[in-house]
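Subject: Structure handover

Hi,

Here is the structure for you to look over. My notes follow below it.

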Amino acid sequence: MSYRLLSVDKEELDISPPGLKVRNYFGLSDCSSVDSSTIHNRVQDGEKTSNLNFKATELRLGLPESQSPERETDFGLLSPRTPDEKLLFPLLPCKDTAASATTEHKNVVSGNKRGFADTWDEFSSVKGSVRPGGGINMMLSPKIKDVPKSIQEERSHAKGGSNNAPAAKAQVVGWPPIRSYRKNTMASSTSKNTDEVDGKPGLGALFVKVSMDGAPYLRKVDLRTYTCYQQLSSALEKMFSCFTLGQCGLHGAQGRERMSEIKLKDLLHGSEFVLTYEDKDGDWMLVGDVPWEIFTETCQKLKIMKGSDSIGLAPGAVEKSKNKDRV
Amino acid sequence: MALRLPSKVLKHILSFIDSNEDRNSVSLVCKSWFETERKTRKRVFVGNCYAVTPAAVARRFPAMRSLTLKGKPHFADYNLVPDGWGGYACPWIESMAAKSPYLEEIRLKRMVVTDDCLERIAASFKNFKVLVLTSCEGFSTDGIAAIASTCRNLRVLELRECIVEDLGGDWLSYFPETSTSLVSLDFSCLDSEVKISDLERLVSRSPNLKSLKLNPAVTLDGLVSILRRAPQLTELGTGSFAAELKPEAFTKLSKAFSNCKQLQSLSGLWDVLPEYLPALYSVCPGLTSLNLSYATVRMPDLVELLRRCSKLQKLWVMDLIEDKGLEAVASYCKELRELRVFPSEPDLDATNIPVTEQGLVYVSKGCRKLESVLYFCVQFTNAALITIARKRPNLKCFRLCVIEPFAPDYKTNEPLDKGFKAIAEGCKDLRRLSVSGLLSDKAFKYIGKHAKKVRMLSIAFAGDSDLMLHHLLSGCESLKKLEIRDCPFGDTALLENAAKLETMRSLWMSSCFVSFGACKLLSQKMPRLNVEVIDEHPPKTRPESSPVERIYIYRTVAGPRMDTPEFVWTLHKNPEIGVSKLAIK
């Protein structure tokens with residue numbers, strides 16, 4: 001049965017079309033040398049097709065029965081055609097040979113990145129949550145108008161568990177998939193010892209998203225559970241120690257190896273990564289410049305950036321982890 | 001000329017057919033069968049309240065007595081759907097009030113129900129008997145009071161995990177003073193105290209009461225008093241199961257339970273004090289369903305209880321049961337059909353969840369009738385999955401939640417592809433599947449190839465590329481509901497398999513890489529799908545290539561819906577953004 005919006009032969013789809021590459025969404029352009037070899041392995045591994053008939057397996061956008069292979073005509077569905085449309089379908093392969101696997105991959109990755117980076121540049125001055133490049137945005141906390149319910153749960157839950165501990169209670173929306181009803185009920189029974197009445201947000205839990213270049217998903221931390229930069233820093237280290245630069249692209253598996261040698265802290269010290277935040281005006285600043293209280297009041301979100309990306313940010317102490325408890 | 005069955009005969013035949021799936025097939029045979037079927041269908045099920053208009057339903061099924069409606073997508077349970085998205089019951093109630101006044105039963109799931117709505121129900125349906133609200137919100141105990149006081153023939157009133165504005169326990173006193181026809185009452189999700197005397201009186205004048213689920217505010221004393229008045233209960237949800245330890249309290253409780261000789265299902269058990277658990281021993285041998293998922297009790301106490309439950313078919317428990325406890329379940333509860341193990345610390349960072357894959361393997365080996373599994377744990381192995389598939393090919397529902405996203409097989413460091421391949425291949429009757437852990441596109445190739453009966457599939461943090469989605473949409477023939485979050489696929493597979501979406505009830509995708517442009521294109525080309533982009537930031541402020549936050553696509557014959565909030569974009573709402581002309585009905 002044909003379910004397609006495109007015209008592609010059925011047979012070709014039985015095999016995994018080599019034209020449709022495994023895309024490295026977690027990769028950054030730096031890692032390409034590592035990734036392309038991996039991806040090569042993946043593509044070749046298991047799939048028996050030696051005859052790479054790219055043309056036949058090419059997935060195109062087009063009306064049924066349309067024989068036009070040109071992308072231009074296909075894009076005619078969306079007119080007027082803007083340069084952005086090229087980015088619309090970055091996954092469609094070039095009609096070239098297999099040799100272009102690596103370059104394709106690079107193009108795609110950078111294409112994707114361009115899309116995100118463009119977005120980011122465009123909106124860096126706009127107050128709003130902008131999706132950081134390269135990673136999957138997992139933090140879709142519904143911050144839409146009044147959505148007290150979900151925030152409440154997270155607050156009461158976090159409060160219940162992490163009253164005195166500086167350790168981060170990482171929050172990811174909707175994960176693990178447990179019904180809010182159950183979460184609330186359990187939060188209320190575990191937090192019976194605390195002052196918190198469940199359901200009511202404590203004196204403003206202050207959740208900010210924390211993202212890291214190359215990490216596949218974001219985390220959230222409650223700034224109110226910390227009293228100084230040092231605590232925040234160690235919490236973040238713990239949270240992100242599994243997503244270190246060397247593991248870009250190979251999500252999970254290799255990333256999980258005991259990376260005691262390369263810890264986030266070391267990277268931060270070595271200024272490979274810097275911790276930055278977006279303040280109320282939408283500017284990205286280096287963390288550590290301002291007193292803690294002011295920081296908690298103005299910080300909208302946190303980002304662990306690569307040192308090179310942070311050039312040009314508001315000057316300040318790069319080594320935020322050398323603390324200096326600014327209370 | 002084909003033999004035509006007289007409609008009277010057909011009617012009689014159809015009176016034996018209850019399953020709506022069968023009835024749907026009957027109605028496709030020919031026009032006269034369609035007509036006869038629709039005039040005789042009493043129980044109507046609408047899986048998506050926006051797929052069809054209330055008027056159309058009322059028109060088609062004049063004999064409707066029972067209506068079941070579902071509103072928000074399933075991921076709303078996990079806070080992925082912002083408040084205000086929709087799923088309002090009112091239009092349905094209004095329409096039914098006008099057109100189907102003989103309606104007796106209403107069951108709603110994940111819908112927004114207001115007090116007005118409830119009052120309307122109470123006022124409009126003279127013979128109203130059954131109200132079941134699951135995961136609903138938007139109403140208060142005032143609405144419940146209206147139902148209680150006005151529906152004289154009320155038999156079932158169940159509020160399951162609803163969010164209710166609790167204005168106090170008075171609503172209980174609104175039931176008719178003379179005897180009630182109550183068979184089932186569930187107010188376990190309400191917060192505030194109810195007067196025990198009200199409850200006692202209600203129970204005393206409800207001779208048909210079989211199922212009663214109390215809220216946590218009811219104390220053990222209260223429970224004892226209720227049980228004394230209702231020893232005929234078959235289903236009981238206790239209140240709080242803790243109290244100051246007093247020997248006479250324990251004895252009274254024990255005695256009360258031992259008088260309940262017909263008790264088959266037990267739930268509630270909030271704040272369990274383990275010392276009170278032995279009071280339940282007398283009912284254990286008869287229990288078929290036990291929900292200990294709120295009972296923070298350690299393994300030894302759990303095992304003491306469970307080893308007495310030889311007839312148990314359904315067990316919900318927390319991971320405090322540990323692998324060892326599950327091993328005990330495997331040896332004592334041979335009739336087990338459904339197992340759910342919930343995490344006691346529902347936290348991403350919790351690394352010491354006491355159950356491992358071994359626990360599930362034990363149960364799979366020991367309980368031959370096991371067909372439904374929901375299991376939370378930190379990590380898993382391919383070997384375990386393969387064993388489970390081999391031992392339990394009769395699995396119908398397999399939901400595994402490996403809490404750490406992207407967690408591979410922790411022994412071999414490989415993705416869990418092989419394991420889920422075994423599940424898909426081995427469990428041929430699998431109807432519902434949730435996958436987790438590190439999974440590559442291969443896993444979905446296997447699932448697409450083998451899981452031919454899977455109707456509902458849930459995926460998070462998995463896959464490598466569009467191939468993943470492509471395999472699923474082109475392979476899973478029976479797929480009706482697909483929900484995906486945080487997976488790295490984009491437009492291609494979705495557009496490629498667009499027509500498949502009309503054969504499904506719905507598709508949910510959040511935090512993937514589907515672009516706004518693709519959503520527009522899909523909307524334009526597929527008028528019988530509602531494509532909703534649910535995004536904090538209106539898509540028109542971003543380039544078309546940028547991914548949207550959430551997409552909800554569902555087939556519908558009702559056309560675009562008119563009650564979308566600001567943050568939901570549909571093509572209908574913003575036709576100026578679409579480009580080509582579009583037939584908007």
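Contact here means heavy atoms within 4.5 Å. This is a predicted model, where local features need pLDDT of at least 70, side-chain atom pairs count only at pLDDT 80 or more, and totals for chains, interfaces and linings use all residues. Residues are numbered from 1 along each chain as its sequence is written, chains are lettered from A and ligands numbered from 1 in the order in which they are written, and side-chain values use heavy atoms, with hydrogens and water left out.

Chain B overall

Chain B has 19 helices and 23 strands. These are DSSP runs, numbered from the N terminus: H or I over at least four residues for helices, E over at least two for strands. Of the 585 residues in chain B, 63% are buried. Buried means under 20% relative accessible area, exposed means over 50%, and partly exposed lies in between (1.4 Å probe, protein chains only). Take the chain B contacts between residues at least 6 apart in sequence: 70% of them join residues at least 24 apart. The chain exposes about 21900 Å², with carbon and sulfur atoms supplying 52% of that. Areas come from the Shrake-Rupley method with a 1.4 Å probe; for residues, only the protein chains shown count as cover.

Cores

A nonpolar core is a set of buried Ala, Val, Leu, Ile, Met, Phe, Trp, Tyr and Cys residues joined through side-chain atoms within 4.5 Å. The largest one has 203 residues. B:F257, B:L290, B:F380, B:F398, B:I459, B:L482 and B:M509 touch the most other members. Another core, of 21 residues, lies apart from it and includes A:V221, A:V287, A:F295 and A:L302.

Beyond four places in sequence, the residues that B:L482 touches include B:L457, B:I459, B:M504 and B:W508. B:L290 sits in strand β12 (residues 289-291) and is buried, at 1% relative accessibility.

Local sites

B:P73 is in the loop between β2 (66-70) and α5 (90-99) of chain B. Its relative accessible area is 5%, so B:P73 is buried. B:P73 touches B:V81, B:W85, B:R110, B:W508 and B:Y552, not counting residues up to four places away. The C-alpha atoms of B:P73 and B:S506 are 8.3 Å apart, though 433 residues separate them along the chain.

Helix α14 (residues 382-391) of chain B buries B:N382, B:A384, B:L385, B:T387, B:I388 and B:A389. Their cover includes α13 (357-366), β16 (397-402) and α15 (417-426) of chain B.

B:D466 is in helix α17 (residues 466-475) of chain B and is buried, at 1% relative accessible area. A polar atom of its side chain lies 2.8 Å from the backbone nitrogen of B:G490.

In chain A, A:T296 is in helix α11 (residues 292-298). A:T296 is buried, with a relative accessible area of 10%. Its side chain reaches the backbone oxygen of A:E293 at 2.7 Å.

Which helix holds B:V9? B:V9 is in helix α1 (residues 7-14) of chain B, and is partly exposed at 38% relative accessible area.

Best wishes

Key: A polar contact is a pair of N or O atoms within 3.5 Å; within protein, one must be able to donate a hydrogen and the other to accept it, and residues adjacent in sequence count only if both atoms are side-chain atoms.
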